[in-house]
Amino acid sequence: MKNNLDRAKLMVSSAVFSWLLMSLFTVTTAVSVQPTCSFPAIYNFGDSNSDTGGISAAFEPIRDPYGQGFFHRPAGRDSDGRLTIDFIAERLGLPYLSAYLNSLGSNFRHGANFATGGSTIRRQNETIFQYGISPFSLDMQIAQFDQFKARSAQLFSQIQNRYDREKLPRQEEFAKALYTFDIGQNDLSVGFRTMSVDQLKATIPDIVSHLASAVRNIYQQGGRTFWVHNTGPFGCLPVNMFYMGTPAPGYLDKSGCVKAQNEMAMEFNRKLKETVINLRKELTQAAITYVDVYSAKYEMMSNPKKLGFANPLKVCCGYHEKYDHIWCGNKGKVNNTEIYGGSCPNPAMAVSWDGVHYTEAANKHVADRTLSGLLADPPVPITRACYRH
(Lines give C-alpha, C1' and ligand atoms only; values in the text may rest on other atoms or scores of the structure.)
Protein backbone atom coordinates (compact mmCIF):
# COMPACT_ATOMS: atom_id res chain seq x y z
CA MET A 1 0.00 0.00 0.00
CA LYS A 2 2.81 2.40 0.98
CA ASN A 3 4.70 1.60 -2.27
CA ASN A 4 1.60 2.39 -4.34
CA LEU A 5 1.17 5.70 -2.48
CA ASP A 6 4.80 6.64 -3.03
CA ARG A 7 4.48 5.70 -6.71
CA ALA A 8 1.38 7.91 -7.03
CA LYS A 9 3.15 10.83 -5.37
CA LEU A 10 6.08 10.37 -7.73
CA MET A 11 3.77 10.39 -10.75
CA VAL A 12 2.06 13.59 -9.56
CA SER A 13 5.43 15.25 -8.88
CA SER A 14 6.67 14.25 -12.33
CA ALA A 15 3.53 15.63 -13.94
CA VAL A 16 3.87 18.92 -12.04
CA PHE A 17 7.55 19.15 -12.97
CA SER A 18 6.75 18.46 -16.63
CA TRP A 19 4.03 21.12 -16.57
CA LEU A 20 6.41 23.68 -15.02
CA LEU A 21 9.11 22.78 -17.55
CA MET A 22 6.66 23.13 -20.44
CA SER A 23 5.39 26.49 -19.09
CA LEU A 24 8.94 27.77 -18.72
CA PHE A 25 9.77 26.61 -22.24
CA THR A 26 6.66 28.34 -23.60
CA VAL A 27 7.51 31.64 -21.88
CA THR A 28 11.17 31.45 -22.91
CA THR A 29 10.21 30.64 -26.49
CA ALA A 30 7.74 33.54 -26.58
CA VAL A 31 10.41 35.95 -25.41
CA SER A 32 13.06 34.57 -27.76
CA VAL A 33 10.84 34.78 -30.84
CA GLN A 34 9.69 38.31 -30.01
CA PRO A 35 11.37 40.30 -32.79
CA THR A 36 13.65 43.19 -32.00
CA CYS A 37 12.18 46.62 -32.59
CA SER A 38 12.81 48.07 -36.01
CA PHE A 39 13.21 51.79 -35.42
CA PRO A 40 13.43 53.64 -38.76
CA ALA A 41 14.40 56.93 -37.08
CA ILE A 42 15.40 58.66 -33.83
CA TYR A 43 14.14 62.07 -32.73
CA ASN A 44 16.16 63.48 -29.87
CA PHE A 45 15.45 66.34 -27.46
CA GLY A 46 18.05 67.54 -24.99
CA ASP A 47 21.01 69.67 -24.01
CA SER A 48 24.77 69.44 -24.58
CA ASN A 49 24.82 65.84 -23.36
CA SER A 50 23.15 64.88 -26.66
CA ASP A 51 23.69 67.90 -28.95
CA THR A 52 25.26 66.75 -32.24
CA GLY A 53 25.69 70.23 -33.70
CA GLY A 54 22.68 72.42 -32.91
CA ILE A 55 24.21 75.12 -30.73
CA SER A 56 27.36 75.07 -32.88
CA ALA A 57 25.23 75.82 -35.97
CA ALA A 58 23.11 78.48 -34.27
CA PHE A 59 25.97 80.41 -32.63
CA GLU A 60 29.76 80.06 -32.65
CA PRO A 61 31.12 76.78 -33.98
CA ILE A 62 32.74 74.48 -31.44
CA ARG A 63 36.48 74.55 -32.05
CA ASP A 64 39.50 72.26 -31.74
CA PRO A 65 40.36 70.07 -29.92
CA TYR A 66 36.70 69.07 -29.56
CA GLY A 67 35.98 66.01 -31.69
CA GLN A 68 39.66 65.19 -32.13
CA GLY A 69 39.37 61.55 -31.10
CA PHE A 70 36.69 59.88 -33.19
CA PHE A 71 35.80 62.51 -35.78
CA HIS A 72 39.33 63.98 -36.09
CA ARG A 73 37.76 67.44 -36.25
CA PRO A 74 35.16 69.49 -34.36
CA ALA A 75 31.80 67.79 -34.95
CA GLY A 76 29.41 70.01 -33.03
CA ARG A 77 29.71 67.82 -29.95
CA ASP A 78 30.95 68.86 -26.50
CA SER A 79 33.36 65.94 -26.23
CA ASP A 80 36.50 64.52 -27.79
CA GLY A 81 34.32 62.08 -29.72
CA ARG A 82 30.94 60.39 -29.65
CA LEU A 83 28.07 61.07 -27.26
CA THR A 84 25.65 58.54 -25.79
CA ILE A 85 23.11 59.45 -28.50
CA ASP A 86 25.71 58.44 -31.10
CA PHE A 87 26.08 55.03 -29.44
CA ILE A 88 22.29 54.70 -29.42
CA ALA A 89 22.25 55.29 -33.18
CA GLU A 90 25.02 52.74 -33.66
CA ARG A 91 23.18 50.14 -31.57
CA LEU A 92 20.04 50.59 -33.68
CA GLY A 93 21.96 50.48 -36.96
CA LEU A 94 21.11 54.07 -37.84
CA PRO A 95 23.34 56.96 -38.96
CA TYR A 96 24.36 59.67 -36.51
CA LEU A 97 21.70 62.33 -36.11
CA SER A 98 21.91 65.60 -37.98
CA ALA A 99 21.13 68.66 -35.89
CA TYR A 100 17.81 70.26 -36.88
CA LEU A 101 19.49 73.69 -36.87
CA ASN A 102 22.36 72.64 -39.12
CA SER A 103 21.47 73.91 -42.59
CA LEU A 104 24.44 72.42 -44.46
CA GLY A 105 25.06 68.74 -45.15
CA SER A 106 22.12 67.51 -43.11
CA ASN A 107 20.22 64.32 -43.81
CA PHE A 108 16.96 63.77 -41.94
CA ARG A 109 15.94 60.46 -43.53
CA HIS A 110 16.45 58.60 -40.25
CA GLY A 111 15.61 61.30 -37.73
CA ALA A 112 16.69 64.67 -36.41
CA ASN A 113 18.30 66.09 -33.30
CA PHE A 114 16.61 69.07 -31.65
CA ALA A 115 18.99 69.17 -28.67
CA THR A 116 21.18 72.21 -28.16
CA GLY A 117 23.93 72.82 -25.62
CA GLY A 118 22.66 74.87 -22.69
CA SER A 119 19.00 73.90 -23.18
CA THR A 120 16.62 73.72 -20.24
CA ILE A 121 13.22 72.08 -19.80
CA ARG A 122 11.61 75.31 -18.57
CA ARG A 123 12.13 78.50 -20.50
CA GLN A 124 14.66 80.81 -18.79
CA ASN A 125 14.80 84.59 -18.77
CA GLU A 126 18.48 84.73 -19.72
CA THR A 127 20.51 85.07 -22.90
CA ILE A 128 23.14 82.59 -23.99
CA PHE A 129 25.77 85.32 -23.68
CA GLN A 130 25.21 85.64 -19.92
CA TYR A 131 25.46 82.10 -18.59
CA GLY A 132 25.38 79.92 -21.69
CA ILE A 133 21.68 79.05 -21.41
CA SER A 134 20.24 78.18 -24.82
CA PRO A 135 17.11 79.93 -26.10
CA PHE A 136 15.96 76.53 -27.39
CA SER A 137 14.22 75.23 -24.28
CA LEU A 138 12.24 72.00 -24.51
CA ASP A 139 9.00 73.72 -25.54
CA MET A 140 10.91 75.37 -28.42
CA GLN A 141 12.40 72.01 -29.43
CA ILE A 142 8.92 70.49 -29.51
CA ALA A 143 7.67 73.44 -31.60
CA GLN A 144 10.57 72.83 -33.98
CA PHE A 145 9.64 69.14 -34.17
CA ASP A 146 6.03 70.06 -34.98
CA GLN A 147 7.25 72.35 -37.74
CA PHE A 148 9.75 69.77 -39.00
CA LYS A 149 7.06 67.08 -39.25
CA ALA A 150 4.61 69.32 -41.11
CA ARG A 151 7.22 70.89 -43.39
CA SER A 152 8.84 67.58 -44.33
CA ALA A 153 5.44 66.20 -45.40
CA GLN A 154 4.88 69.26 -47.56
CA LEU A 155 8.33 69.07 -49.13
CA PHE A 156 8.07 65.34 -49.80
CA SER A 157 4.90 65.88 -51.83
CA GLN A 158 6.49 68.73 -53.81
CA ILE A 159 9.99 67.40 -54.52
CA GLN A 160 10.34 65.08 -57.52
CA ASN A 161 14.12 64.67 -57.36
CA ARG A 162 14.89 61.26 -55.85
CA TYR A 163 18.21 62.41 -54.36
CA ASP A 164 16.56 65.24 -52.42
CA ARG A 165 13.69 63.02 -51.33
CA GLU A 166 16.15 60.58 -49.79
CA LYS A 167 17.12 63.24 -47.22
CA LEU A 168 13.56 63.55 -45.94
CA PRO A 169 11.71 61.37 -43.40
CA ARG A 170 8.72 59.23 -44.36
CA GLN A 171 5.52 60.37 -42.66
CA GLU A 172 4.40 56.84 -41.82
CA GLU A 173 7.65 56.28 -39.93
CA PHE A 174 7.12 58.98 -37.28
CA ALA A 175 4.84 56.57 -35.39
CA LYS A 176 7.53 53.85 -35.48
CA ALA A 177 10.43 56.12 -34.47
CA LEU A 178 12.27 56.19 -31.15
CA TYR A 179 11.90 59.45 -29.20
CA THR A 180 14.77 60.13 -26.81
CA PHE A 181 15.01 62.75 -24.06
CA ASP A 182 18.16 63.81 -22.21
CA ILE A 183 17.47 67.15 -20.54
CA GLY A 184 17.13 68.72 -17.10
CA GLN A 185 20.73 69.24 -15.99
CA ASN A 186 20.69 72.93 -16.90
CA ASP A 187 17.45 73.55 -15.01
CA LEU A 188 19.35 72.43 -11.92
CA SER A 189 22.34 74.56 -12.91
CA VAL A 190 20.18 77.69 -13.15
CA GLY A 191 18.52 76.79 -9.86
CA PHE A 192 21.80 76.36 -8.00
CA ARG A 193 22.84 79.80 -9.23
CA THR A 194 19.60 81.69 -8.59
CA MET A 195 17.62 79.91 -5.85
CA SER A 196 17.89 78.50 -2.37
CA VAL A 197 17.83 74.72 -1.93
CA ASP A 198 14.20 74.81 -0.79
CA GLN A 199 13.14 77.06 -3.67
CA LEU A 200 14.79 74.80 -6.25
CA LYS A 201 13.29 71.67 -4.71
CA ALA A 202 9.85 73.28 -4.88
CA THR A 203 10.21 73.91 -8.63
CA ILE A 204 11.09 70.31 -9.57
CA PRO A 205 7.48 69.04 -9.93
CA ASP A 206 6.77 71.86 -12.39
CA ILE A 207 9.98 71.19 -14.32
CA VAL A 208 9.18 67.50 -14.84
CA SER A 209 5.56 68.34 -15.71
CA HIS A 210 6.89 70.32 -18.69
CA LEU A 211 8.76 67.22 -19.86
CA ALA A 212 5.57 65.19 -19.47
CA SER A 213 3.77 67.72 -21.69
CA ALA A 214 6.42 67.24 -24.37
CA VAL A 215 5.89 63.46 -24.30
CA ARG A 216 2.12 63.94 -24.54
CA ASN A 217 2.52 66.21 -27.56
CA ILE A 218 4.49 63.58 -29.46
CA TYR A 219 2.13 60.79 -28.35
CA GLN A 220 -0.84 62.76 -29.69
CA GLN A 221 0.96 62.92 -33.04
CA GLY A 222 1.41 59.14 -33.09
CA GLY A 223 4.75 58.63 -31.33
CA ARG A 224 4.74 55.48 -29.22
CA THR A 225 8.28 54.67 -28.01
CA PHE A 226 10.08 56.96 -25.55
CA TRP A 227 13.54 56.55 -23.99
CA VAL A 228 13.93 59.06 -21.14
CA HIS A 229 17.30 59.68 -19.47
CA ASN A 230 17.36 60.96 -15.93
CA THR A 231 19.92 63.61 -14.97
CA GLY A 232 23.49 62.83 -13.96
CA PRO A 233 25.35 63.53 -10.71
CA PHE A 234 25.66 67.30 -11.09
CA GLY A 235 27.82 67.55 -8.00
CA CYS A 236 30.52 65.43 -9.66
CA LEU A 237 31.23 67.92 -12.46
CA PRO A 238 34.79 69.18 -11.87
CA VAL A 239 33.73 72.76 -12.70
CA ASN A 240 32.07 72.81 -9.29
CA MET A 241 35.50 72.56 -7.64
CA PHE A 242 37.27 75.27 -9.68
CA TYR A 243 36.42 78.18 -7.40
CA MET A 244 35.55 76.29 -4.22
CA GLY A 245 38.67 76.71 -2.11
CA THR A 246 38.77 74.41 0.91
CA PRO A 247 35.38 72.72 1.35
CA ALA A 248 33.79 72.51 4.80
CA PRO A 249 33.56 69.07 6.43
CA GLY A 250 30.67 67.06 4.94
CA TYR A 251 30.38 69.32 1.89
CA LEU A 252 31.79 66.61 -0.37
CA ASP A 253 30.80 62.95 -0.44
CA LYS A 254 33.18 59.98 -0.35
CA SER A 255 33.84 60.33 -4.11
CA GLY A 256 34.72 64.03 -3.85
CA CYS A 257 31.41 65.26 -5.32
CA VAL A 258 29.27 68.08 -3.92
CA LYS A 259 26.78 66.19 -1.78
CA ALA A 260 23.92 68.72 -1.75
CA GLN A 261 23.95 69.07 -5.55
CA ASN A 262 23.81 65.31 -6.05
CA GLU A 263 20.96 65.06 -3.56
CA MET A 264 19.04 67.62 -5.63
CA ALA A 265 19.77 65.65 -8.82
CA MET A 266 18.43 62.51 -7.12
CA GLU A 267 15.30 64.39 -6.05
CA PHE A 268 14.80 65.47 -9.67
CA ASN A 269 15.22 61.85 -10.74
CA ARG A 270 12.69 60.60 -8.17
CA LYS A 271 10.08 63.05 -9.47
CA LEU A 272 10.94 62.21 -13.08
CA LYS A 273 10.48 58.49 -12.44
CA GLU A 274 7.12 59.12 -10.76
CA THR A 275 6.10 61.15 -13.80
CA VAL A 276 7.13 58.39 -16.20
CA ILE A 277 5.13 55.82 -14.20
CA ASN A 278 2.06 58.07 -14.34
CA LEU A 279 2.51 58.67 -18.07
CA ARG A 280 2.52 54.92 -18.66
CA LYS A 281 -0.92 54.71 -17.06
CA GLU A 282 -2.20 57.73 -18.98
CA LEU A 283 -0.74 56.99 -22.43
CA THR A 284 -1.93 53.43 -22.72
CA GLN A 285 -0.32 52.65 -26.07
CA ALA A 286 3.08 54.14 -25.24
CA ALA A 287 6.21 52.22 -24.26
CA ILE A 288 8.16 54.59 -21.99
CA THR A 289 11.56 53.58 -20.61
CA TYR A 290 13.15 55.44 -17.69
CA VAL A 291 16.94 55.28 -18.03
CA ASP A 292 19.20 55.69 -15.02
CA VAL A 293 22.25 57.47 -16.43
CA TYR A 294 22.89 58.88 -12.94
CA SER A 295 24.03 55.48 -11.67
CA ALA A 296 26.17 54.85 -14.74
CA LYS A 297 27.90 58.21 -14.35
CA TYR A 298 28.34 58.00 -10.59
CA GLU A 299 29.88 54.55 -10.96
CA MET A 300 32.79 56.19 -12.80
CA MET A 301 33.28 58.58 -9.87
CA SER A 302 33.11 55.94 -7.14
CA ASN A 303 35.06 53.14 -8.81
CA PRO A 304 37.19 54.61 -11.62
CA LYS A 305 40.17 52.24 -11.48
CA LYS A 306 38.01 49.15 -11.86
CA LEU A 307 36.51 50.69 -15.00
CA GLY A 308 39.88 51.74 -16.47
CA PHE A 309 39.70 55.44 -15.65
CA ALA A 310 42.20 57.71 -13.92
CA ASN A 311 41.17 60.45 -11.45
CA PRO A 312 37.56 61.21 -12.50
CA LEU A 313 37.73 64.78 -11.16
CA LYS A 314 40.77 65.61 -13.30
CA VAL A 315 39.81 67.60 -16.41
CA CYS A 316 41.28 66.32 -19.69
CA CYS A 317 40.98 69.41 -21.90
CA GLY A 318 41.93 72.88 -20.71
CA TYR A 319 44.37 74.35 -18.21
CA HIS A 320 43.13 74.36 -14.64
CA GLU A 321 45.80 74.93 -12.03
CA LYS A 322 44.92 76.50 -8.68
CA TYR A 323 43.19 79.79 -9.56
CA ASP A 324 44.16 79.85 -13.24
CA HIS A 325 41.51 78.52 -15.62
CA ILE A 326 41.87 78.43 -19.39
CA TRP A 327 38.99 76.56 -20.96
CA CYS A 328 39.30 73.81 -23.53
CA GLY A 329 40.34 75.16 -26.94
CA ASN A 330 41.11 78.67 -25.64
CA LYS A 331 44.33 80.59 -25.08
CA GLY A 332 45.23 82.68 -22.07
CA LYS A 333 48.15 84.03 -20.08
CA VAL A 334 49.53 82.61 -16.87
CA ASN A 335 52.43 84.53 -15.32
CA ASN A 336 52.85 86.42 -18.62
CA THR A 337 53.19 83.14 -20.52
CA GLU A 338 50.63 82.23 -23.16
CA ILE A 339 48.95 78.91 -22.42
CA TYR A 340 46.72 76.87 -24.70
CA GLY A 341 43.95 74.83 -23.15
CA GLY A 342 44.67 71.66 -25.08
CA SER A 343 43.81 67.99 -24.61
CA CYS A 344 45.42 65.57 -22.22
CA PRO A 345 47.58 62.80 -23.79
CA ASN A 346 45.08 59.98 -23.17
CA PRO A 347 41.40 61.02 -23.15
CA ALA A 348 40.40 57.34 -23.07
CA MET A 349 41.39 57.25 -19.38
CA ALA A 350 39.58 60.48 -18.50
CA VAL A 351 35.98 60.83 -17.35
CA SER A 352 35.65 64.60 -17.70
CA TRP A 353 36.50 66.16 -21.03
CA ASP A 354 36.30 69.89 -20.27
CA GLY A 355 35.05 70.14 -16.68
CA VAL A 356 31.38 70.06 -17.65
CA HIS A 357 31.08 67.40 -20.37
CA TYR A 358 32.19 63.79 -20.57
CA THR A 359 34.79 62.11 -22.74
CA GLU A 360 33.83 59.62 -25.42
CA ALA A 361 35.13 56.83 -23.17
CA ALA A 362 32.80 57.95 -20.38
CA ASN A 363 29.87 58.29 -22.79
CA LYS A 364 30.55 54.76 -24.03
CA HIS A 365 30.46 53.48 -20.47
CA VAL A 366 27.05 55.12 -19.97
CA ALA A 367 25.83 53.59 -23.24
CA ASP A 368 27.12 50.12 -22.33
CA ARG A 369 25.37 50.23 -18.94
CA THR A 370 22.05 51.56 -20.20
CA LEU A 371 21.44 50.26 -23.73
CA SER A 372 21.59 46.67 -22.49
CA GLY A 373 18.68 47.40 -20.15
CA LEU A 374 20.83 46.95 -17.04
CA LEU A 375 19.96 50.44 -15.76
CA ALA A 376 16.61 50.83 -17.47
CA ASP A 377 13.08 50.58 -16.09
CA PRO A 378 11.61 48.32 -17.35
CA PRO A 379 14.93 46.39 -17.64
CA VAL A 380 14.82 45.82 -21.38
CA PRO A 381 17.51 46.59 -23.97
CA ILE A 382 16.90 49.52 -26.26
CA THR A 383 16.40 47.09 -29.15
CA ARG A 384 13.17 45.92 -27.41
CA ALA A 385 12.06 49.28 -26.06
CA CYS A 386 9.03 49.41 -28.38
CA TYR A 387 7.17 46.79 -26.30
CA ARG A 388 5.02 47.72 -23.32
CA HIS A 389 5.91 45.77 -20.17
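Because the model is predicted, local features require pLDDT of at least 70 and side-chain atom pairs count only at pLDDT 80 or more, whereas totals for chains, interfaces and linings use all residues. Residues are numbered from 1 along each chain as its sequence is written, and side-chain values use heavy atoms, with hydrogens and water left out.

Side chains of opposite charge can pair when their charged atoms come close. The structure contains 15 salt bridges, each defined as a side-chain nitrogen of Lys or Arg within 4 Å of a carboxyl oxygen of Asp or Glu. In one of them, glutamate 126 is paired with arginine 193, with 2.9 Å between the closest N and O atoms. This pair links distant parts of the chain, 67 residues apart: glutamate 126 lies in the loop between strand 2 (111-113) and helix 4 (128-131), and arginine 193 in helix 7 (residues 185-194). Helices (H or I, at least four residues) and strands (E, at least two) are DSSP runs numbered from the N terminus. Arginine 193 is partly exposed, at a relative accessible area of 32%.

Glutamate 166 itself forms a salt bridge with arginine 170, the closest N and O atoms being 3.0 Å apart. Arginine 170 is buried, with a relative accessible area of 15%. A further salt bridge joins aspartate 368 to lysine 364, with the closest N and O atoms 3.0 Å apart. These two residues are four residues apart in helix 12 (residues 360-371), so about one helical turn separates them. Aspartate 368 is partly exposed at 35% relative accessible area, and lysine 364 is partly exposed at 38%. Salt bridges with shared partners also join Arg82, Glu90 and Glu360 into one network.

Glutamate 360 is located in helix 12 and counts as buried, at 16% relative accessibility. Not counting residues up to four places away in sequence, glutamate 360 touches Phe70, Ser79, Asp80, Gly81, Arg82 and Phe87, where contact means heavy atoms within 4.5 Å. Alanine 348 occupies the loop between strand 9 (337-340) and helix 12 and is partly exposed, with a relative accessible area of 48%. Leaving aside neighbours within four places in sequence, alanine 348 is in contact with Phe309 and Ala361.

In soluble globular proteins, nonpolar side chains tend to be buried together. A nonpolar core is taken here as a set of buried Ala, Val, Leu, Ile, Met, Phe, Trp, Tyr and Cys residues joined through side-chain atoms within 4.5 Å. The largest such core has 73 residues, and those with the most contacts inside it are Tyr43, Phe45, Tyr179, Phe181 and Phe226. Helix 8 (residues 197-220) supplies the largest share of this core, 10 residues. Apart from this core lies another, of eight residues, among them Ile62, Tyr66, Cys328 and Cys344.

Helix 10 (residues 293-302) is largely enclosed by the rest of the structure, because seven of its 10 residues are buried. The buried residues of helix 10 are Val293, Tyr294, Ala296, Lys297, Tyr298, Met300 and Met301. These residues pack against strand 4 (225-229), helix 9 (259-282), strand 5 (287-291), helix 11 (304-307) and helix 12.

Voids were located on a 1 Å grid over the protein atoms alone: a cavity is a set of points where a 1.4 Å probe fits but cannot get out, a pocket is an open set with protein on both sides within 12 Å along at least five of seven lines, and lining residues have an atom within 4 Å of a point. Grid points are joined across faces, edges and corners, and a volume is the space filled by probe spheres set on the points. The largest pocket has a volume of about 1,300 Å³. Of its 34 lining residues, Asp78, Tyr131, Gly132, Val356 and His357 are the closest to its centre. Helix 7 contributes the largest share of this lining, four residues.

The structure also holds four cavities of 30 Å³ or more. The largest cavity has a volume of about 70 Å³ and is lined by 13 residues, of which Asn49, Thr84, Lys297, Tyr358 and Asn363 lie nearest its centre. Helix 10 and helix 12 are the elements that give two or more residues to the lining of the largest cavity.

Note on methods:
Buried means under 20% relative accessible area, exposed over 50%, partly exposed in between (1.4 Å probe, protein chains only).
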